[in-house]
Amino acid sequence: SQKIEQNSEALNIQEGKTATLTCNYTNYSPAYLQWYRQDPGRGPVFLLLIRENEKEKRKERLKVTFDTTLKQSLFHITASQPADSATYLCALDPSGTYKYIFGTGTRLKVLA
Amino acid sequence: GAVVSQHPSRVICKSGTSVKIECRSLDFQATTMFWYRQFPKQSLMLMATSNEGSKATYEQGVEKDKFLINHASLTLSTLTVTSAHPEDSSFYICSARDNFGGTEAFFGQGTRLTVV
């Protein structure tokens, strides 16, 4: 079956460290992959999009990699801060119709 | 960035009644909007695609007669949960794509529905 998995349900790291979140998918060949942030009781907020022909994308303290051979994307937050604590979701658009399929999410907690 | 406004943010209704949720794109036009449902500690699940001027398309397992969708203009889609039951209690989120924008979708702030 088609699915998207994110490495861990919850991840705790110390402030200032780099957080690395993983998104693995099977049975898809997406043209792009997206990462979103979701705070409790709120809708997702778009962070980054990476295309299949891009190996890496950066935005401020965020970095995303995309390995279509491994069917995996890594999401990094460098110099993490307590304000980065949230759930992070990866999403694919398998059919190119903008009907996104979301991963299970990783709840990140940055400890002060 | 583009803004999608969802209203209400919270609603409590009695079992058997209907509830309407609005999703508006505030500064862009959206021919297509999407409705998702999210249960506690789970990810977003797509329920239906709302198409301006035509019928919505529903994902497998979603009852179209229970979740009525109307997309009467390029900036407004509504989701009506009819004859709500406690198992319909969930977090409902809409998203919209800018007709003239990029690939990203913009999400509303969500509506927490509690059916008692």
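Visitor: Which residues is Ser43(B) in contact with, leaving aside its neighbours within four places in sequence?
Guide: In this predicted model, Ser43(B) is in contact with Leu89(A), Phe102(A), Gly103(A) and Thr104(A) of chain A, and with Arg37(B) and Gln38(B) of chain B, once neighbours within four places in sequence are left aside.

Visitor: Where does Ser43(B) lie in chain B?
Guide: Ser43(B) lies in the loop between β4 and β5 of chain B.

Visitor: Is Ser43(B) buried or exposed?
Guide: Ser43(B) has a relative accessible area of 11%, so the residue counts as buried, the limit being under 20%.

Visitor: What lies 2.4 Å from a polar atom of its side chain?
Guide: That is the backbone oxygen of Gly103(A), 2.4 Å from a polar atom of the Ser43(B) side chain.

Visitor: Let us step back to the interface. How many residues of chain B are in contact with chain A?
Guide: There are 20 residues of chain B in contact with 20 residues of chain A. The area buried between the two chains is about 1,600 Å², and carbon and sulfur atoms give 58% of that area.

Visitor: Which three residues supply 30% of the area that chain B buries against chain A?
Guide: Ser43(B), Thr103(B) and Phe107(B) supply that 30%, more than any other three residues.

Visitor: And how many residue pairs are in polar contact across the interface?
Guide: The rule finds four residue pairs in polar contact between chain B and chain A. On the side of chain B that touches chain A, the elements giving two or more residues are β4 (32-38), β5 (45-51) and β9 (90-96) of chain B. The largest share, three residues, comes from β4(B). By type, the residues of that side of chain B divide into eight nonpolar, eight polar and four charged.

Visitor: What about charge pairs? How many salt bridges are there between chain B and chain A?
Guide: The count between chain B and chain A is one salt bridge. The side chains of Lys99(A) and Glu59(B) meet there, at 3.6 Å from N to O.

Visitor: Why can such side chains pair at all?
Guide: Side chains of opposite charge can pair when their charged atoms come close.

Visitor: How exposed is Lys99(A), and how exposed is Glu59(B)?
Guide: Lys99(A) is partly exposed at a relative accessible area of 26%, and Glu59(B) is partly exposed, with a value of 26%.

Visitor: Is Asp84(A) buried or exposed?
Guide: Asp84(A) counts as buried at 7% relative accessibility, whereas Arg61(A) is partly exposed at 26%.

Visitor: One last topic: in which sense do β6 and β7 of chain A pair?
Guide: Strand β6 (residues 56-59) and strand β7 (residues 62-67) of chain A pair in the antiparallel sense over four bridges. Arg58(A) has Lys63(A) in β7(A) as its bridge partner. The two strands form a hairpin with two residues between them, and Glu60(A) in the turn has a positive phi of about 55°.

Technical notes. Residues are numbered from 1 along each chain as its sequence is written. Chains are lettered from A and ligands numbered from 1 in the order in which they are written. This is a predicted model: local features need pLDDT of at least 70, side-chain atom pairs count only at pLDDT 80 or more; totals for chains, interfaces and linings use all residues. Side-chain values use heavy atoms; hydrogens and water are left out. Contact means heavy atoms within 4.5 Å. Buried area is the accessible area (1.4 Å probe) that two parts lose on being put together, summed over both. A salt bridge is a side-chain nitrogen of Lys or Arg within 4 Å of a carboxyl oxygen of Asp or Glu. A polar contact is a pair of N or O atoms within 3.5 Å; within protein, one must be able to donate a hydrogen and the other to accept it, and residues adjacent in sequence count only if both atoms are side-chain atoms. Ala, Val, Leu, Ile, Met, Phe, Trp, Tyr, Cys and Pro count as nonpolar, Asp, Glu, Lys and Arg as charged, and the others, Gly among them, as polar. Buried means under 20% relative accessible area, exposed over 50%, partly exposed in between (1.4 Å probe, protein chains only). Two strands pair if DSSP finds at least two bridges between them.
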